[in-house]
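I opened the notebook to record what I looked up in this structure. The entries follow the order in which I checked things.

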Amino acid sequence: MKFKGSDNYVATADLMLAVNAAITLKRPLLVKGEPGTGKTMLAEEVAQALNMPLLQWHIKSTTKAQQGLYEYDAVSRLRDSQLSSVDGGEKVKDINNYIVKGVLWQAFTAEQPVALLIDEIDKADIEFPNDLLRELDRMEFYCYETRELIKAKNRPLVFITSNNEKELPDAFLRRCFFHYIKFPDAPVMQQIVDVHFPGLKQELLAAAMKTFFDIRNLPGLKKKPSTSELLDWLKLLMAEDIPLAALQSADQKVSVPPLVGALLKNEQDVTLFEKLVFMNQRNR
């Protein structure tokens, strides 16, 4: 079982090597990189390419590790016990009716190997990764309410993404294979754009790419535009039928591009860019 890329996702050679290394080692693949560089999409495309169902667990600041295993709905059981005359109380007698299975339980008990995405693990508190150490390492956990050991029938292919908002514990890192998705250079970025917009005129693409990388390389930006934001911007340029002349000046000086709100997402960066354009125009 090897990942060789897909038609919908431009995977570099080192990224494909990392995915296959995680498969060989039977360890989770921890993927870091700037937001918008395709970390979540990687899990989706690998699962599709390997013909594996994909289970997704999107982490929030309030998410607890236990939710990925199971939750016991005691409130519903108490309510049903008070209404036991309806069905003779048969449902209340079986505690399994009140166990809500999490994504790890579903992945462990699936009849065929599945891909499991734990998305943006760094959003949760620092104890979250530590609480999953045993489960991800031994591929098992114990359900105290039903008194059963849940063991993985087939080891899932686990993808874990992080935007580096928090440092992850060393013990957790030791159990993962790590890969950092570097921001695409211009040739790779062009391949990515070609996948999404195969009919885009090369002159327009070249001008848009120059503008995009000029903005990204602007020193002092609070948030640099990402791959997904470039794709959004190109989609808008095509939808609004923006002419090539609006993206480049005759003397190749910096100018404010149309629909710049797709690339710059806060007022400080917009102001900084406008100052650069103003200084550029004064120096003409």
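The entries below go from the whole chain to single residues in a predicted model.

**Entry 1. The whole chain**

I began with the secondary structure and found 13 helices and nine strands in the protein. The radius of gyration came next: it is 24 Å, well over the 19 Å that the globule rule gives for 284 residues, so the protein is more spread out than a compact globule. I noted the span of the C-alpha trace along the principal axes as about 85 × 45 × 35 Å.

Then I looked up burial and surface. Of the 284 residues, 44% count as buried. The protein exposes about 15,600 Å², and carbon and sulfur atoms supply 52% of that area.

I also checked contacts between residues at least 6 apart in sequence. Of these, 75% join residues at least 24 apart.

I picked strand S1, residues 29–33, and asked how many of its residues are buried. Five of its five residues are, and I wrote the strand down as mostly covered. I then sorted the side chains by direction. Leu29, Val31 and Gly33 point one way, while Leu30 and Lys32 point the other way, and all are buried.

Which way does S1 run relative to S8, residues 157–162? The two strands run parallel, and four bridges join them. S1 also runs parallel to S9, with five bridges between them.

In S9, lysine 32 stands opposite tyrosine 180.

I stayed with S9, residues 177–181, and looked at histidine 179, which is found there. Is histidine 179 buried or exposed? Its relative accessibility is 10%; the limit for buried is under 20%, so histidine 179 counts as buried. I listed what histidine 179 touches, leaving out residues up to four places away in sequence: Asp14, Leu15, Ala18, Leu29, Leu30, Val31 and Lys32. Among them, Leu29, Leu30, Val31 and Lys32 are residues I had already noted in S1.

**Entry 2. Salt bridges**

Before searching, I wrote down the general point that side chains of opposite charge can pair when their charged atoms come close. A search of the whole structure finds twelve salt bridges. I looked at some of them.

Glutamate 34 forms a salt bridge with arginine 216, and the closest N and O atoms are 3.0 Å apart. Glutamate 34 lies in the loop between S1 and helix H2 (39–49), while arginine 216 lies in helix H11 (residues 202–216), so the pair ties together parts that are 182 residues apart in sequence. I checked the cover on both partners. Glutamate 34 is partly exposed at 25% relative accessibility, whereas arginine 216 is buried at 8%.

Glutamate 140 pairs with arginine 134, with the closest N and O atoms 3.4 Å apart. Glutamate 140 is buried, with a relative accessible area of 12%. Arginine 134 is partly exposed at 42%.

Glutamate 229 and lysine 223 meet through their side chains at 2.8 Å, N to O. Glutamate 229 is buried, with a relative accessible area of 7%, and lysine 223 is partly exposed at 31%. I also found a network: salt bridges that share partners join Arg79, Asp80 and Lys91.

Leucine 149 lies in strand S7, residues 148–151. Its relative accessible area is 46%, so leucine 149 is partly exposed.

**Entry 3. Positive phi angles**

Last, I looked for positive phi values in residues other than glycine. Asparagine 51 has one, with phi near 60 degrees. Asparagine 51 is found in the loop between H2 and strand S2 (54–58). With a relative accessible area of 66%, asparagine 51 is exposed.

Glutamate 120 also has a phi near 60 degrees, a positive value. Where is glutamate 120 found? I located glutamate 120 in the loop between strand S5 (115–119) and helix H7 (127–131). Its relative accessible area is 21%; buried means under 20%, so glutamate 120 counts as partly exposed.

How values were computed: Residues are numbered from 1 along each chain as its sequence is written. This is a predicted model: local features need pLDDT of at least 70, side-chain atom pairs count only at pLDDT 80 or more; totals for chains, interfaces and linings use all residues. Side-chain values use heavy atoms; hydrogens and water are left out. Buried means under 20% relative accessible area, exposed over 50%, partly exposed in between (1.4 Å probe, protein chains only). The radius of gyration is taken over C-alpha atoms; the globule rule is 2.2 Å times the number of residues to the power 0.38. Contact means heavy atoms within 4.5 Å. Accessible areas come from the Shrake-Rupley method with a 1.4 Å probe; for residues, only the protein chains shown count as cover. Two strands pair if DSSP finds at least two bridges between them. A salt bridge is a side-chain nitrogen of Lys or Arg within 4 Å of a carboxyl oxygen of Asp or Glu.
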